[in-house]
Amino acid sequence: MLNIPIPPSANGMWKKTRQKMYRSPKYQSWLDVAVPLIRLKYRGIESPIRIEVVITGGKGWRINRDLDNVFKPLIDGIRQAEIVPDDTTDYVTSISGDYLPPAGKKSVAKCEINITSRKATACISPATEKF
């Protein structure tokens, strides 16, 4: 598992002006920190990949925040780290998330990720299996 900063919400990734869309400063700051960490830990992993995310609550995580809103910025960060060339299902076949409550009142929220290759895993679809 790799500890990275809590990703910003997918709802806050982008800002708009009349002429263009651009990355929000919060999202860009997160990418600046998270992408090198992801690249260093997972460089060379074969796709397709499976992504596991564990968020532990605490300072920096609102309890009413949607867990699934961390998936999009995280997948985009993994793509930007060049772990996969695209974030389609050709390359990212699974993403799962768990939320754990904070250990104590002064706990700081954390995000842990694990990326594994699904290349070696052969799946037989029940629809194509011959009986």
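Leaving aside its neighbours within four places in sequence, which residues is Leu74 in contact with?

Modeller: The model is a predicted one. Once neighbours within four places in sequence are set aside, Leu74 is in contact with Ile4, Trp30, Ile38, Ile51, Val53 and Ile113.

These contacts are best read against the nonpolar core. The largest such core holds 29 residues, and Leu74 is among those that touch the most other members, together with Ile38, Ile51, Val53, Ile78 and Ile113. At least two residues of this core come from each of β1 (2-4), α1, β4, α2 and β6 (110-117). The greatest contribution is that of α1, which gives seven residues.

Among the contacts with a separation of 6 or more, 81% are between residues 24 or more positions apart. Of the 131 residues in the protein, 34% are buried. The C-alpha atoms fill a box of roughly 55 × 45 × 30 Å along the principal axes.

Side chains of opposite charge can pair when their charged atoms come close. The structure holds two salt bridges, and Lys72, Asp76 and Asp87 are linked in a network of them. In one, the side chains of Asp76 and Lys72 meet at 3.0 Å, N to O. Both of these residues belong to helix α2, where they are four residues apart, about one turn of the helix. Asp76 counts as buried because its relative accessibility is 8%, under the 20% limit. Lys72, at 40% relative accessibility, counts as partly exposed.

In the other salt bridge, the side chain of Lys72 meets that of Asp87, again with an N to O distance of 3.0 Å. This pair links distant parts of the chain, since Lys72 is in helix α2 whereas Asp87 is in the loop between α2 and β5, 15 residues apart. Asp87 counts as partly exposed, at 26% relative accessibility. For the protein as a whole, the mean positions of the 21 positive and 13 negative charges are 9 Å apart.

The backbone has two further features to record. Most residues other than glycine have a negative phi, and most peptide bonds are trans. Glu82, although not a glycine, has a positive phi of about 65°. Glu82 lies in the loop between α2 (71-80) and β5 (92-100). With a relative accessibility of 65%, Glu82 counts as exposed. The other feature is a cis peptide bond, which joins Ser47 and Pro48 with an omega of about 5°. Pro48 is placed in the loop between α1 (25-42) and β4 (49-56).

To return to the part requested, Leu74 is one of the residues that touch the most other members of the largest nonpolar core, and its contacts beyond four places in sequence include Ile51 and Val53 as well as Ile113.

Notes:
Residues numbered from 1 in each chain as written. Predicted model: local features only at pLDDT ≥ 70, side-chain atom pairs only at ≥ 80, totals over all residues. Heavy atoms only, no water. Buried < 20%, exposed > 50% of the residue type's maximum accessible area, 1.4 Å probe, protein only. Core = buried A, V, L, I, M, F, W, Y, C linked by side-chain atoms within 4.5 Å. Contact = heavy atoms within 4.5 Å. Lys, Arg positive; Asp, Glu negative; His and termini not counted. Charge placed at Lys NZ, Arg CZ, Asp CG, Glu CD. Salt bridge = Lys/Arg side-chain N within 4 Å of Asp/Glu carboxyl O.
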